[in-house]
Amino acid sequence: MGNTSFQTKASILLYWAWSLCCAAKRQHFLESRALSWDQARNHCQVCYEDLVTLTPENIQIIVKNLTSDYWIGLRRKSSASGLGGSGLPWSRWANGDPLIFQNWYPDWAQTKPSSCESSSSNSNTTGYVNTVTQTAEFSTAETTMTSTVGPTVISFNVTDSNESCAAMASFGAWIKEDCSKRLPFICYEEIFDGNVMVTNVTLSSATLTWLAGPNNISHYWVEVKSLSNHTVNQNDLTYDLSNLTSGTSYFVQVFPVKCNRNLNPQTGAFYTVPEKIQNLIVTTLTTTSVVVNWTRPGGNVDFYLLEVVGFPKLTVRGVTVGGEVMGLTPGSFYTLRVQTGVQDKSRWGEAVTTAVYTKPNEVSALRVTENNGVELQLEWMQPAGNFSGYRVKVLNNSNAVLFHKILTRNEKSVKIPDMPPGTNLSLMVTSLANGSLEGDTAVVTAFTAPLPISGLNVITTADSVTASWIFPGSKDTLFTVELQMDGSNEKKRENITKTMWRFDDLKSGANYTVTVYTLNGDLRSAPVSCSNFTLPQPPSEVKISNYNQSQIILKWTPPKNSAANVMYSVKVHAPFWDHSWYQSVNNKTIFTFSGLHSGSLYEFEIQMVVGNLKSEPRTASGSTVAVERRITLSMLCSSGESLFCDADSTRTDVFKKLKSHFFSLLGENVSWKLEQKKH
């Protein structure tokens, strides 16, 4: 064989790299019957693809299942026109792939430079590879084999004809055999993949279409799986399914059949269209929701889709018949649509619709604004949402209709004339949608207006208010008594039948107003009010918090449960200076008294003041810081007794009398100190 050029080697290596990265997935088949190499290859080409092409990857898997020698897709020819079309013996596989991997049994083949080849087929030759790209070793059946990766030239050290075929021993090594020898063989085929296309799907039918399989396909085996299996042989590439169950999942496999063998199937899955629901009806209406019900259709249904047309966010999905749509606007028109669906949402049943109005909302703030005993003015606020008008009715205690009128949506009040005096009336307003669909009815009752009370009197303690009044009417008359403290929006309210009521747990020193109404149903008389202060309570913890030569800061704690705005009166008295004055402190619990005499005692008396009332006083006292001034007093002593004036006892006695004299003059009302200076 001649030399292989660098360009040829590079082309082989590039093809080898492309084959490794891009080859399709292959399946391998062991045929146990013994045939010659040519017969084996012919069978593989008819029923599979070709004799096996071995790689470092697949050989380790295939060899695990071998029990004897098997033909593989490798054959030597000396000429360039045969199986090894490149002119290199053992250079290509049967399918034309380059020989990129070798696993010869030791001493059965040796490598040599591509420029050298034995000229005689009857003599032993020794060959070698000029460049070894990669060498890998692995053991099988306790025999070590060496494989080389890359295009090489192989010659055997045995004598043979120019044509011979390769087989693989049960332990994985390659051996040379006479091509006419009958051996089992290994075929391969590319894994056939594809998807079945499903079209023209209806309630009970569908059309299947698939790709043609590889060569020599005799027919196609169509298998349809669901609750029960359906199979059929088919020669065409399409098949129409019928008599299917609506809303059902089907799994389809189409097997190309080659040599009575099913190839890898093309697959597809689909649902038939589910049937539509029956007897859609509205069962419950509210202002913001609609409940519907229906009859389950035939076939299978995975779920129902209840939609509000034009409002996709309100869609409800469920598995039971019937459903509720919420979040609607009162008094509004809606179209509801129900569809059956399958699990993967690929098929939908025919939509069934119904039109409906939601109930309008109830009117608010319904009230009687005028009542002169025979004529009433009724007013209300429009309901939220939509509505078309109102129905107004007035009934008496016997449910006799005294008044009835339909109003437009723009009217929000009505005069009700000629009502009998002293009658307990039920006044009803009902909002309407679509002219006749009624919402909830708002009802108020009305009576003739009653007389007011008289003689309201309010008596207080520190924490209570007692109100009493006079009413000449029935003893069963109902009164509303309200209590409100000045500066507060909070009210205490009681409905009673007595003509006296006491409110407890109130704040001291607060101004409370009592208001009393006479009630007759929802009507009340003109109000009668009276105000009075709860008795003030004295503050606590009065103390001097700070002081200096001319100031004293007085601090105290307000009475427990006292009003928020409190007035205090502070009396200040300086005993030494015989001076007193009053200081008003509004809503504070600390005050600074300035301009005081240094070293002087001040007495404080504090009271809580409300109106003309004052609490009991609380007192405290303190002195300013003294500014010292020294005054020296000298005393002369004369005595008939010798050395009497110089005696210590005499000096001490005179000093005590002098100190007592100053204390009687100054006391503790001013800061002073008397010291005896000894010579």
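Modeller: What follows covers the disulfides, then a pocket, then a hairpin. Please keep in mind that this is a predicted model.

Colleague: How many disulfides does a search of the whole structure find?

Modeller: The search finds three disulfides. They pair C44 with C187, C47 with C259, and C165 with C179.

Colleague: Take C44 and C187. What is the distance from S to S?

Modeller: The S to S distance for C44 and C187 is 1.8 Å. This pair links distant parts of the chain, with C44 in helix α2 (residues 37–47) and C187 in strand β10 (residues 183–190), 143 residues apart.

Colleague: And why is the disulfide of C44 and C187 called left-handed?

Modeller: The torsion about its S-S bond is about -70°, so the disulfide is left-handed.

Colleague: Are C44 and C187 buried or exposed?

Modeller: C44 is buried, with a relative accessible area of 0%. C187 is buried as well, and its value is also 0%. The cut-off for buried is under 20%.

Colleague: Where do C47 and C259 lie?

Modeller: C47 lies in helix α2, while C259 is in the loop between β16 (249–258) and β17 (261–262), so this pair ties together parts that are 212 residues apart in sequence. The sulfur atoms of C47 and C259 are 1.9 Å apart, and with -85° about the S-S bond the link is left-handed.

Colleague: How accessible are C47 and C259?

Modeller: C47 counts as buried at 9% relative accessibility. C259, at 34%, counts as partly exposed.

Colleague: That leaves C165 and C179. What is the handedness of their link?

Modeller: The link of C165 and C179 is right-handed, with 105° about the S-S bond. C165 lies in strand β8 (residues 164–168) and C179 in the loop between β9 (174–177) and β10, so the pair ties together parts that are 14 residues apart in sequence. C165 is buried at 0% relative accessible area, and C179 is buried at 9%.

Colleague: What about C530, buried or partly exposed?

Modeller: C530 counts as partly exposed, with 23% relative accessibility.

Colleague: Let us change topic. How much space lies in the largest pocket?

Modeller: The largest pocket holds about 1,600 Å³ of space. Its lining consists of 35 residues, and those nearest the centre are I631, L633, K673, L674 and E675.

Colleague: How do the residues of that lining divide into nonpolar, polar and charged?

Modeller: The lining of the largest pocket has 18 nonpolar, nine polar and eight charged residues.

Colleague: Where is I631 found?

Modeller: I631 is in the loop between β48 (618–623) and α4 (648–666). I631 is exposed, with a relative accessible area of 72%. I631 and L674 are 43 residues apart in sequence, and their C-alpha atoms are 9.5 Å apart in space.

Colleague: Now the hairpin. In what sense do strands β28 and β29 pair, parallel or antiparallel?

Modeller: Strand β28 (residues 389–395) and strand β29 (residues 401–408) pair in the antiparallel sense, over seven bridges.

Colleague: Which residue in β29 stands opposite K393?

Modeller: H404 in β29 stands opposite K393.

Colleague: And which residue of that hairpin takes a positive phi?

Modeller: N399 takes a positive phi near 65°, in a hairpin that has five residues between the strands.

Terms used:
Residues are numbered from 1 along each chain as its sequence is written. This is a predicted model: local features need pLDDT of at least 70, side-chain atom pairs count only at pLDDT 80 or more; totals for chains, interfaces and linings use all residues. Side-chain values use heavy atoms; hydrogens and water are left out. A disulfide is a pair of cysteine sulfur atoms within 2.5 Å. Helices (H or I, at least four residues) and strands (E, at least two) are DSSP runs, numbered from the N terminus. Buried means under 20% relative accessible area, exposed over 50%, partly exposed in between (1.4 Å probe, protein chains only). On a 1 Å grid over the protein atoms alone, a cavity is a set of points where a 1.4 Å probe fits but cannot get out, and a pocket is an open set with protein on both sides within 12 Å along at least five of seven lines; lining residues have an atom within 4 Å of a point. Grid points are joined across faces, edges and corners, and a volume is the space filled by probe spheres set on the points. Ala, Val, Leu, Ile, Met, Phe, Trp, Tyr, Cys and Pro count as nonpolar, Asp, Glu, Lys and Arg as charged, and the others, Gly among them, as polar. Two strands pair if DSSP finds at least two bridges between them.
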